[in-house]
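Here are some notes to read beside the structure. Please take the points in order.

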Amino acid sequence: MSYRTKAVTRREARNIIESIELDKFSNEGLAQILEIISVWHGNTKLSYNNYNDMFASLEILDSVKKFGTVIIKHANPCGVSENKNPLISFKNAFASDPISAFGGVIACNYKITKRIAAEINKKFSEVILAKGFEKEALILLKQKKNLRIIDISKYKQKNNITLKTFDNSFLIQDKDNLVFNKKDLKFVTKNKPSSSELKEIEFAFNISKYVKSNAIVLTNNFSTIGIGAGQPSRLDSCKIAIRKAGLFQKNKIKNSVAASDAFFPFADGVKSLMAAGVRVIVQPGGSIRDQEVINVANKENIKMVFTNVRHFNH
């Protein structure tokens, strides 16, 4: 299963375009979006990349529960965390990949306190989006000359499609709003995940759908600890996620969860994840080599879940 791409006639396409108000994609439209987002502070103008990363961060933030922090670099997440404590959420998101987070966009679904602002000021970031800022926090953040500070308290996502253009053509697709249907989950290995592990599985698989494919996401305690993005080889994405986790979250790899946005075409990626310390793997399934992959997981007492949902973000 994957989200829907719609083939339409020219007349249908014209009707769709009129219904989605393409003026919102113009420069004037972007200004209107900023106005909807609410007040922003900073003298430095927002660039194309800033807008692109902001939109990517808001997409993920809309799907995150509790107190969530999202850090984006070049439209890919490099750190995402949920925690009942906003400060811990912020610190865990940065700890996922502090090097990639340099110069990134931060999005938070909570109010920024003075203490969190002090943490933000320790790093270099392009944009901070949050649901409000304490007065003392704003004073601190405004000391960062080129930091754009944006209040998203009034922002609500309304668009339910994605649109890509090329030359005189375009593709329109429904947004990928589904993580997975719990009724469709298949527990394919001898060892089955616990109820708490299922919650972590959902968190990891949700983040994987926002990472450029081929995507591998490692998580522990509702925080990413390693992300492998945008590689033509799924094995390479596994290696990148493992390497990142080894550099910055070495103590959290053991017993972590790995999410793959599409199936493993071979067992090599699964073997590399198991060797690193991953103990739960979630993937869509659907490969002709599924049984081979399951056999490898069973041999090492790994828990594996098939979702029957492929994300494949491009």
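1. Does Ala-267 count as buried or exposed? The model is a predicted one. Ala-267 has 3% relative accessibility, so it counts as buried, the cut-off being under 20%. It sits in the loop between β12 and α9 (268–276). Leaving out residues up to four places away in sequence, Ala-267 touches Glu-292, Val-293 and Val-296. Its C-alpha atom is 9.2 Å from that of Leu-235, 32 residues apart along the chain.

2. Now the sheet. Six strands make an open sheet, ordered β9-β14-β13-β12-β10-β11, with mixed pairing. β9 (186–187) and β11 (224–228) are at the edges; each has a single partner strand, so one side of each lacks a neighbour in the sheet. Helix α8 (residues 234–248) packs on the sheet and touches β10, β11 and β12. The direction of α8 makes about 145° with that of β11.

3. Look at one pairing within the sheet. β10 (residues 216–219) and β12 (residues 257–260) run antiparallel over four bridges. Val-217 stands opposite Ala-259 in β12.

4. The structure holds six salt bridges. One of them joins Lys-244 to Asp-97, with the closest N and O atoms 2.8 Å apart. Lys-244 is in helix α8, while Asp-97 is in the loop between α4 (86–96) and β4 (104–108), 147 residues apart. Both Lys-244 and Asp-97 are buried.

5. Helix α8 also holds Arg-234. Its side chain meets that of Asp-261 in a salt bridge (2.7 Å, N to O). Asp-261 lies in the loop between β12 and α9. Arg-234 and Asp-261 are buried.

Definitions and conventions. Residues numbered from 1 in each chain as written. Predicted model: local features only at pLDDT ≥ 70, side-chain atom pairs only at ≥ 80, totals over all residues. Heavy atoms only, no water. Pairing = 2+ DSSP bridges. Helix = DSSP H or I, 4+ residues; strand = E, 2+ residues; numbered from the N terminus. Contact = heavy atoms within 4.5 Å. Axes fitted to C-alpha atoms, helices over the stretch in contact; angles between N-to-C directions. Buried < 20%, exposed > 50% of the residue type's maximum accessible area, 1.4 Å probe, protein only. Salt bridge = Lys/Arg side-chain N within 4 Å of Asp/Glu carboxyl O.
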